[in-house]
Amino acid sequence: MSELSAELAALFPPGAVAAQLHGVAQSGHLSTDEIQAVSHCSEKRIRDFAAGRLCARRALKELGIEGFSLLPAKDRQPVWPAGITGSITHTDGYSAAVAIRQGSVRSVGLDSEMIAAVHEQLWPRICAPAELERLRGSCGARRGERAAVTFAAKEAFYKSQFALTGEWIGFEDVVVELQDESGGGGTFVVVPQRPLLLQRHEPQQLTGRFRRHGEFVSAGIALC
Ligand SMILES: CC(C)(COP(=O)(O)OP(=O)(O)OC[C@H]1O[C@@H](n2cnc3c(N)ncnc32)[C@H](O)[C@@H]1OP(=O)(O)O)[C@@H](O)C(=O)NCCC(=O)NCCS
């Protein structure tokens, strides 16, 4: 069963609604069109899709929208109802979604990762050399968590910017700087390492928030 999460919503500007689900979801709640969209997929993929949609449905209900088929576009991003933007994530045993009315916020990105799954062999794929150096210099107990936050922050940023530009961005194209770390959360700044389409017309500070919850970390960013 999905539940609203004020902690996840707090990763985003006021007005955002977030829902999360621990465990797996069955596909029974999906609409005919949604089932059709994943009918060719593996059972695991259908379960992930169903869990993400369940969270999105809960968040949309809070915004007064019910019975909406949240279909994937050809590029896989969900097609939100008019006037709403949102983001979905799923990882082993955990799924979440955020939705917000478009106004000052043009798009959002949410990503959750299981800390233990972001093992050290993955770091060189996710991190730029400067990030790797910072990670390896940080205290042992926090290192894995910081690596997972870096990963989640990049994925969240990717989703948020893709909704506006459709641009593919590699892990080496941005560096994530973690700031204000305290009580299992903090903020992050995304520093582009090359000119991004997103910033061509409207340069903006790319700042998001993260938090640790149990064995997971979640990162959220809103673009104005
Ligand atoms: C799209 C991507 C970010 C998804 O991340 P993931 O770890 O596979 O999976 P998550 O569970 O966190 O997110 C999946 C959800 O993201 C959403 N999504 C997929 N593609 C998306 C896109 N292009 N833009 C925005 N959202 C997208 C979907 O809702 C999807 O769930 P669904 O298919 O069930 O609807 C990743 O697969 C990808 O293509 N990355 C590109 C490279 C990259 O990450 N660069 C980072 C440097 S900034």
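This briefing goes through the ligand site, the aromatic pairs, and some single residues.

This is a predicted model, in which local features need pLDDT of at least 70 and side-chain atom pairs count only at pLDDT 80 or more, while totals for chains, interfaces and linings use all residues. Residues are numbered from 1 along each chain as its sequence is written, and side-chain values use heavy atoms, with hydrogens and water left out.

**The ligand and its surroundings**

- The ligand sits in the largest pocket. A pocket is an open set of points on a 1 Å grid over the protein atoms alone, with protein on both sides within 12 Å along at least five of seven lines; a molecule sits in one if more than half of its atoms lie within 2 Å of its grid points.
- Helices (H or I, at least four residues) and strands (E, at least two) are DSSP runs, numbered from the N terminus.
- Of the elements, α6 gives the most to this shell, with 6 residues.
- In total, 22 residues surround the ligand, which here means that each has a heavy atom within 4 Å of it. The closest are R45, R53, H90, D111 and E155.
- R45 has a polar side-chain atom 2.6 Å from an oxygen atom of the ligand.
- For R53, an N or O atom in the side chain is 2.7 Å from an oxygen atom of the ligand.
- E155 has a polar side-chain atom 2.4 Å from a ligand oxygen atom.
- How much of the ligand does the protein bury? Taken alone, the ligand exposes 920 Å², and the protein buries 86% of that. Such areas come from the Shrake-Rupley method with a 1.4 Å probe; for residues, only the protein chains shown count as cover.

**Aromatic pairs**

- A search of the whole structure finds 3 aromatic pairs. Rings of Phe, Tyr and Trp (its six-membered ring) pair if their centres lie within 6.5 Å; planes under 30 degrees apart count as stacked, over 60 as edge-to-face and the rest as tilted.
- One of them is the stacked pair of Y94 and F216, with 5.0 Å from centre to centre and 25° between the planes.
- Y94 belongs to strand β4 (residues 94-101) and F216 to strand β9 (residues 216-223), so this pair ties together parts that are 122 residues apart in sequence.
- Y94 and F216 are both buried. Buried means under 20% relative accessible area, exposed means over 50%, and partly exposed is in between (1.4 Å probe, protein chains only).

**Buried residues**

- L223 lies in strand β9 and is buried, with a relative accessible area of 0%. The C-alpha atoms of L223 and P13 are separated by 10.0 Å, although these residues are 210 residues apart along the chain.
- G52 is part of helix α3 and counts as buried because its relative accessibility is 0%. From C-alpha to C-alpha, G52 and A6 are 17 Å apart in space, and they are 46 residues apart in sequence.
- S138 is found in the loop between α5 (129-137) and α6, and its 9% relative accessibility makes it buried. The side chains of S138 and R146 are joined by a polar contact of 3.3 Å. A polar contact is a pair of N or O atoms within 3.5 Å; within protein, one must be able to donate a hydrogen and the other to accept it, and residues adjacent in sequence count only if both atoms are side-chain atoms.

**Exposed and partly exposed residues**

- R76 is in the loop between α3 and β3 and counts as exposed at 59% relative accessibility. Its phi is positive, about 85°, although R76 is not a glycine.
- D180 lies in strand β6 (residues 174-182). Is D180 buried or exposed? D180 is exposed, with a relative accessible area of 58%. Its phi is near 50°, a positive value in a residue other than glycine.
- Q193 lies in the loop between β7 (185-192) and α7 (197-201) and counts as partly exposed at 47% relative accessibility.

Technical notes: On a 1 Å grid over the protein atoms alone, a cavity is a set of points where a 1.4 Å probe fits but cannot get out, and a pocket is an open set with protein on both sides within 12 Å along at least five of seven lines; lining residues have an atom within 4 Å of a point.
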